[in-house]
Amino acid sequence: MPDGQTLIDKTVETQPGITSEGWLTDSWYLGCTSKELKPGGLLHRIMLDQPIVIGRTEAGEAFALRDICPHRLVPLSAGKMLDTDGEPTVECPYHGWRFGTDGVCRHMPSVLEEQPYEASRFKVRRYPVHEKNGMIFVFIAHDPKVSGEPDVPPPDFGELPDKPKFVIQEDFNAHMDDAVVGLMDPAHVAFVHSQWWWRPPSVGLKLKEKPFVPRDRGWAIDRHQPSSNSLAYKAVFGGKVTTEIIFQLPGYRWEIVENETARLLTLTCLTPIYKKKTRITQVTWFFGAPLLNLAIPIFKPAARKFLRQDGDIVDLQNEGMKYQKAMIWIDDIDVQAKWYRTLKKEWTASRTEGRSFENPIEPVTLRWRS
Ligand code: FES
Ligand SMILES: [Fe+2]
């Protein structure tokens, strides 16, 4: 930050890599979808318990700032976008201070020329953003005063169309960690999601055997045939497909279903809001299979139902969590949950020690019945 600027942000600098609430920092989180943010628009979000305004200039560029005017603490998201000397600025609704998309104050309407206030001395925190494939990611550094571009690349999900086919969203009443663990849990499907058109209870439990490999800041289940009971896949693709499932810190899980002609990618993004509130956003893209469009009216409510079922289980889990912290972790179904915790530790250690992340996971085949 240039000399003489005052960054007014009461967020305390925490240990590199993690907050006291256990959320990973120096990380990219989904802020909103592109569709939610029109040119000239401002959106209020809470991410990692920090108020953030995500905005878009009339020219189409997305940006993010701390959503608190440093003067009297009114959310800037309640104001509006205005041009100041040909530059896009956010105007606070209370006394009209205007801030550039870099967070630096450009204009204080009440100040007379002889009064000793230089607008550019005041600055709100700016968060780097990255917009791609219809999603806007926000980078949350551990240090509120950090400026410049992040040294951590934004998540990359490979070749995808610009616009998702559909997006669903739920806020779980869970800490990010419990939400991640719940969504990756391989053994709950037969019990929580046992509707007849997906996997009727009559199917019974089957032996699952999946080869896992380390991948970036996470792991992947190596390319495999989806379970034969997934009637929906067969119906929709009309032929043999392979699937790949990938998890990556801080909270991305995506599943690719494809054959020679079609590719379907479903991404689940987790963003911490408060200590016991986590936003789950599921984004689906596909290409190369026009027939899949016909399945959207089936897909979308099904995905919604799945997510709601997971949210309901989280609510039940909270009943127990009121009285007890300790849980049991067993092999092999809870191995991924253990990996998640190990990876978080390594992320924190690597950021604290200022070295590169080293994935501690070894390739292994996990076996369970589900
Ligand atoms: S509160 Fe924002 S300008 Fe006064
Ligand atoms: Fe689930």
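Which element gives the largest share of the lining of the largest cavity? I began my notes on this predicted model with that question. I found that α1 supplies the largest share of that lining, with 3 residues.

**Entry 1: cavities**

I searched the whole structure and recorded 5 cavities of 30 Å³ or more. For the largest cavity I noted a volume of about 50 Å³. I then listed its lining: Val180, Leu183, Met184, Phe247, Gly251, Tyr252, Arg253, Thr268 and Leu270. Two or more of the lining residues come from each of α1 (176-184), β18 and β19. As two of these elements are strands, I turned next to the sheet.

**Entry 2: the sheet as a whole**

I traced an open sheet of 8 strands in the order β14-β20-β19-β18-β17-β16-β15-β21, and its pairing is antiparallel. At the edges I found β14 (166-172) and β21 (364-369); each has a single partner strand, so one side of each lacks a neighbour in the sheet.

How many residues of β16 are buried? I found 5 of the 7, so β16 is largely enclosed by the rest of the structure.

I found 7 bridges between β17 and β18, which run antiparallel. These two strands form a hairpin with 3 residues between them. The bridge partner of Gln248 in β18 is Tyr252, a residue that I had already listed in the lining of the largest cavity.

The step from β18 (residues 252-258) to β19 (residues 263-274) likewise shows antiparallel pairing over 7 bridges. I recorded a hairpin with 4 residues between β18 and β19. Tyr252 stands opposite Cys269 in β19, and Trp254 stands opposite Leu267 in β19. Is β18 mostly covered or mostly exposed? My note reads that β18 is mostly covered, with 6 of its 7 residues buried.

**Entry 3: helices across the sheet**

Helix α4 (residues 291-321) lies across β14, β19 and β20 (277-287).

Helix α5 (residues 335-353) lies across β15 (207-215), β16 (218-224), β17 (242-248) and β21. The angle that I noted for α5 is about 145° to β16.

**Entry 4: the annotated domain**

Finally, I consulted the UniProt record. In an unreviewed entry, it places the feature "domain: Rieske" at residues 29-138. What is the make-up of the chain over residues 29-138? I found 0% helix and 46% strand there. The end C-alpha atoms of this stretch are 5 Å apart.

Terms used
Residues are numbered from 1 along each chain as its sequence is written. Chains are lettered from A and ligands numbered from 1 in the order in which they are written. This is a predicted model: local features need pLDDT of at least 70, side-chain atom pairs count only at pLDDT 80 or more; totals for chains, interfaces and linings use all residues. Side-chain values use heavy atoms; hydrogens and water are left out. Two strands pair if DSSP finds at least two bridges between them. Contact means heavy atoms within 4.5 Å. Axes are lines fitted to C-alpha atoms, for helices over the stretch in contact, and angles run from 0 to 180 degrees between N-to-C directions. UniProt positions are given in the numbering used here, feature names are shortened, and annotations may be inferred rather than shown by experiment. Buried means under 20% relative accessible area, exposed over 50%, partly exposed in between (1.4 Å probe, protein chains only). On a 1 Å grid over the protein atoms alone, a cavity is a set of points where a 1.4 Å probe fits but cannot get out, and a pocket is an open set with protein on both sides within 12 Å along at least five of seven lines; lining residues have an atom within 4 Å of a point. Grid points are joined across faces, edges and corners, and a volume is the space filled by probe spheres set on the points.
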